Amino acid sequence: MNDDTATDTRVAIRAAGPGDAAAIAGLIREMAATFGESSPVEPAWVEAFLGRDDAGAFVADEAGDVVGVVTWFLFPGLYHAAHCATVDEAIVTAGRRGRGIGTALLRRTTAHLESLGVAEIGISTGLENEGAQRLYRRLGFTDASLLLERHL
């Protein structure tokens with residue numbers, strides 16, 4: 001499998017563009033709903049995010065339908081004295097999971113971030129999301145810290 005395709009050959013992994021904003025916002029709202037929450041994200045916010053020099057996203061495109069997304073951003077890491085990256089959202093729509101799409105998205109994202117020369121890539125998931133944890137570990141991520149959040 002190359003980094004540009006998922007296991008399902010009808011799915012292409014590509015850089016997200018402004019035309020993907022509505023679909024990406026929908027995927028983020030879908031993810032929030034699985035946690036019993038809601039997200040206020042709108043396509044305009046996604047477009048602004050995608051327009052940044054220090055952030056981006058890759059989408060899984062199946063015959064013109066966006067069925068998955070991984071978003072990332074860069075930040076200056078003092079510890080490493082180099083840029084670091086965080087994978088922020090990693091979502092595959094419920095009906096398309098288990099087909100290698102998330103793996104392909106994450107491989108493409110990490111390859112891109114490595115090509116930018118980042119010193120470290122961080123990713124997090126809920127403590128109860130054992131499937132995502134297995135996937136992240138399989139892709140070389142290790143348990144390195146505990147992320148605590150305070151929602152305002």
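## Overall fold and the setting of Glu89

The protein has a radius of gyration of 15 Å, which agrees with the value near 15 Å for a compact globule of 152 residues; the radius is taken over C-alpha atoms, and the globule rule is 2.2 Å times the number of residues to the power 0.38. This is a predicted model: local features need pLDDT of at least 70, side-chain atom pairs count only at pLDDT 80 or more, and totals for chains, interfaces and linings use all residues. Residues are numbered from 1 along each chain as its sequence is written, and side-chain values use heavy atoms, with hydrogens and water left out.

Four helices and five strands make up the secondary structure, in the order β-α-α-β-β-β-α-β-α from the N terminus. Helices (H or I, at least four residues) and strands (E, at least two) are DSSP runs, numbered from the N terminus.

| Property of the protein | Value |
|---|---|
| Span of the C-alpha trace along its principal axes | about 45 × 40 × 30 Å |
| Accessible surface (Shrake-Rupley, 1.4 Å probe) | about 9100 Å² |
| Share of that surface on carbon and sulfur atoms | 53% |
| Residues that count as buried (under 20% relative accessible area) | 38% of 152 |

Glu89 lies in strand E4 (residues 82-92).

Beyond its neighbours within four places in sequence, Glu89 is in contact with Ile28, Met31, Val69, Val70 and Thr71, where contact means heavy atoms within 4.5 Å.

Methods: Buried < 20%, exposed > 50% of the residue type's maximum accessible area, 1.4 Å probe, protein only.
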